[in-house]
Amino acid sequence: MRDVLVIGGNRYFGKRLIGRLIAAGDRVTVLNRGSASPPAGTIHLVADRDDEATLNSALGGRAFDVVVDQVCYTPRQAAIARRVFARGRTQRYVLTSTVEVYEYEDSLVYEDTVLPVREDTVDARTVSVRLELPWHKPEFRETHYGEGKRQAEAVFASADAGDDADVTDGSGDTAADGTEFPYTAVRVAHVLGGDDDFTGRLDHYAERIRTGAPIAVPTENRPATYIHVEEIADFLLWAVGENFTGPVNAASHGLLTTEELCAAVARHIPNGRTVFQNVDVGKVSPFSFSRSYGMDNSRATGLGFTFGHVQEWLPRAVAETLGAEAGKGWRGK
């Protein structure tokens with residue numbers, strides 16, 4: 001039996017992961033701020049992860065084989081976590097990261113040919129950490145989501161944070177204890193599927209297709225990689241039991257364009273109309289990108305994980321999320 005701590009994880013693929021861990025016979029502890037009850041069969045710890053003293057107090061003398069961090073969004077949160085869990089409290093730290101760490105990397109090879117990005121395209125050891133930025137402000141975190149994850153990875157990746165002036169908060173406190181940290185960063189592709197998808201992104205398309213309203217997309221609209229909600233839960237369960245470290249891309253095989261996604265949605269909207277509007281400036285629809293978000297998943301497959309193909313599960317994913325509502329008038333959120 002493994003002792004596994006999940007930080008966050010009360011919804012979407014986090015709760016699916018917890019269910020899988022319990023089914024596997026693991027002893028699962030869930031740590032959150034107490035705003036939501038964890039799934040049955042878990043141990044519940046209440047703490048604000050941004051408060052280091054409170055976090056230490058809640059953990060007490062507990063130690064875990066693996067920590068799965070579902071809600072680390074900033075380098076400051078990562079710095080606290082690394083200090084707390086580097087004190088012999090875990091043998092492995094699994095950080096749920098994102099494809100958006102590649103936001104500033106150009107994956108275009110030539111003209112319209114796209115090469116999916118490999119993990120070494122973003123080397124977290126070379127990313128500068130800026131703890132002085134206003135990471136405590138929700139609006140700042142939201143608009144700097146990818147950068148927050150990049151810098152969080154950098155904190156965990158630092159081999160000797162005590163000698164790195166960039167990993168300080170201005171008060172002389174280092175982000176780690178000067179030793180290597182046994183972490184892996186799971187860079188998750190865009191997630192689809194499930195009747196509990198809380199993002200509203202497919203809602204956006206369903207509403208516009210139902211009403212014939214324009215769908216704003218970049219003039220150069222690039223494809224992206226995706227993963228089904230059940231598949232990423234499977235992947236995280238698998239990662240808990242492995243011993244590799246560093247970043248790993250988690251994405252189903254195949255790329256998906258906005259047009260293909262809309263076609264799958266349109267099958268659930270009788271008499272709907274799909275109208276694309278190309279824009280060069282301004283807000284575009286979710287899942288439409290001016291640069292490629294294609295990820296190479298060969299590291300994970302080489303380590304032994306078997307991915308599905310996006311075209312195989314896409315119809316099911318759309319049906320799960322839209323359900324019967326799509327055919328009788330969508331309730332926009």
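Tyr73 is partly exposed, with a relative accessible area of 31%; here buried means under 20%, exposed over 50% and partly exposed in between, for a 1.4 Å probe and protein chains only. Tyr145 also counts as partly exposed, at 29% relative accessibility. The model is a predicted one, in which local features need pLDDT of at least 70 and side-chain atom pairs count only at pLDDT 80 or more, while totals for chains, interfaces and linings use all residues. Residues are numbered from 1 along each chain as its sequence is written, and side-chain values use heavy atoms, with hydrogens and water left out.

**Aromatic rings**

The structure holds 17 aromatic pairs. Tyr73 and Tyr145 form one that is tilted, at 6.3 Å centre to centre and 45 degrees between the planes. This pair links distant parts of the chain: Tyr73 lies in the loop between β4 (66-69) and α3 (75-85), and Tyr145 in helix α5 (residues 145-157), 72 residues apart. Rings of Phe, Tyr and Trp (its six-membered ring) pair if their centres lie within 6.5 Å; planes under 30 degrees apart are stacked, over 60 edge-to-face and the rest tilted. Helices (H or I, at least four residues) and strands (E, at least two) are DSSP runs, numbered from the N terminus.

One aromatic cluster is formed by Phe85, Tyr93, Phe156, Phe181 and Tyr183.

| Charged residue | Ring | Distance to ring centre |
|---|---|---|
| Arg92 | Phe244 | 5.0 Å |
| Arg291 | Tyr293 | 5.0 Å |

Beyond its neighbours within four places in sequence, Phe85 is in contact (heavy atoms within 4.5 Å) with Leu5, Ile7, Leu59, Val67, Thr90, Tyr93 and Phe181.

Strand β12 (residues 246-250) is mostly covered, five of its five residues being buried. Strand β8 (residues 183-188) runs parallel to β12 and is joined to it by five bridges; strands pair if DSSP finds at least two bridges between them. Thr184 has Gly246 in β12 as its bridge partner.

Asn32 is located in strand β2 (residues 27-32). Asn32 is buried, at a relative accessible area of 8%. Its side chain reaches the backbone nitrogen of Gly34 at 2.9 Å. Outside four places in sequence, the contacts of Asn32 are Asn10, His44, Leu45, Val46 and Ala47.

**Positive phi**

Most residues other than glycine have a negative phi. Tyr12, not a glycine, has a positive phi of about 50 degrees. Tyr12 is in helix α1 (residues 12-23) and counts as buried, at 5% relative accessibility. Asn271 likewise has a positive phi, near 65 degrees. Asn271 sits in the loop between α8 (258-266) and β13 (275-279) and is exposed, with a relative accessible area of 82%.

Methods: A polar contact is a pair of N or O atoms within 3.5 Å; within protein, one must be able to donate a hydrogen and the other to accept it, and residues adjacent in sequence count only if both atoms are side-chain atoms. A charge sits over a ring if NZ of Lys or CZ of Arg is within 6 Å of the ring centre and within 35 degrees of the ring normal.
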